[in-house]
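Dear colleague,

I am passing on the structure we spoke about, and below it you will find my notes on what turned up when I went through it. Please read them with the structure open beside you.

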Amino acid sequence: MRIVILGPQGSGKGTQANLLSEKLKLPHIDAGQLLRDEAEKNTVIGKNIKSTMERGELIAPSIAPKILLKRLAKNDCKNGFILDGFPRDVGQAKMLGKITRVDVVVELKVSDALAIKRLSNRWQCMRCDTVYGITLLPKKSGLCDKCGGKLVRRKDDTPALIKKRLKLYHKVTEPVMDYFKKQNKLVSVDASVPVGVAFKKILALLK
Ligand code: AMP
């Protein structure tokens, strides 16, 4: 099954994609994380990605789709994938359609107020990227339960950048929902409820 998960920052895309990945035994392709990994490389492209992310903007159309589409071409995606955070605009949606079929697009819906609250309390493990927040607190403050790695705040989770990223989401990513709705591929889920409740709803909609 080829699943795309979309939703504003703080809607729990990564968490739901991880759960789906475990349940359906399909790889979780996290667009933001792939780009953050690329940003860590000391290359011209890496530096460009890093500075764009730190401004809370989308990575250029000449860079982001190439990295994502290359990842989807790998062998582990041949039976399907859970694609999280791509496509982010209609141009990317069209590009995706040219290289692979999409079976279903899951839209996670939360208010801006809740998204801001969640992102303002988000911590990520430096080592294994596990995300913690208001509904999942680490057992030992500042340390990852899974690997003991140090928990840090993302550089783009500042109040100003959170607002900027949400604004961009409404402007350029929301039209992607209409694009898939017209293809009868869109299902929408209320993601303001607890993680397990939203996950059950998603599974029911995928049947
Ligand atoms: P996320 O982890 O989904 O919040 O994404 C973090 C950042 O990565 C975004 O603010 C963008 O700078 C970049 N990014 C993630 N996905 C995409 C994409 N599909 N196209 C362009 N930039 C992206």
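I begin with the sheet of three strands, which is open, has the strand order 6-5-7 and is paired in the antiparallel sense. Its edges are strand 6 (131-132) and strand 7 (151-152), each of which has a single partner strand, so one side of each is left without a neighbour in the sheet. Strand 5 and strand 6 are joined in the antiparallel sense over 2 bridges, and within this pair Trp123 has Tyr132 of strand 6 as its bridge partner. Please keep in mind, here and throughout, that this is a predicted model.

The other sheet is also open, and its 5 strands follow the order 2-3-1-4-8 with parallel pairing. The edge positions belong to strand 2 (28-30) and strand 8 (186-190), each of which pairs on one side only. On average, neighbouring strands of this sheet are turned by 20° against each other, if direction is ignored. Within the sheet, strand 1 (residues 2-6) pairs with strand 3 (residues 81-84) in the parallel sense over 4 bridges, and Ile3 stands opposite Ile82 of strand 3. Helix 1 (residues 13-24) packs on this sheet, where it touches strand 1, strand 2, strand 3 and strand 4 (104-109), and its direction makes about 175° with that of strand 3.

Strand 8 has one covered face, made of Val187 and Val189, and one uncovered face, made of Leu186, Ser188 and Asp190.

Helix 2 (residues 31-39) may interest you next, since 7 of its 9 residues are buried and it is therefore largely enclosed by the rest of the structure. The buried residues are Ala31, Gly32, Gln33, Leu35, Arg36, Glu38 and Ala39, and you will notice that charged residues, Arg36 and Glu38, are on that list. The elements that cover them include strand 2, helix 3, helix 4 (64-72), strand 3 and strand 5 (123-125).

One of these neighbours, helix 3 (residues 44-54), packs against helix 2 at an angle of about 125°, with the two axes 7 Å apart. The crossing of the two helices is left-handed. On the helix 2 side the contact is made by Gly32, Leu35, Arg36, Glu38 and Ala39, and on the helix 3 side by Gly46, Ile49, Lys50 and Met53. Sorted by class, this contact has 4 nonpolar, 2 polar and 3 charged residues.

Leaving aside residues up to four places away in sequence, Thr173 touches Pro87, Arg88 and Leu168.

With best wishes

Note on methods: Residues are numbered from 1 along each chain as its sequence is written. This is a predicted model: local features need pLDDT of at least 70, side-chain atom pairs count only at pLDDT 80 or more; totals for chains, interfaces and linings use all residues. Side-chain values use heavy atoms; hydrogens and water are left out. Two strands pair if DSSP finds at least two bridges between them. Axes are lines fitted to C-alpha atoms, for helices over the stretch in contact, and angles run from 0 to 180 degrees between N-to-C directions. Contact means heavy atoms within 4.5 Å. A crossing is left-handed if the near helix is turned anticlockwise from the far one by less than a right angle, and right-handed if clockwise. Buried means under 20% relative accessible area, exposed over 50%, partly exposed in between (1.4 Å probe, protein chains only).
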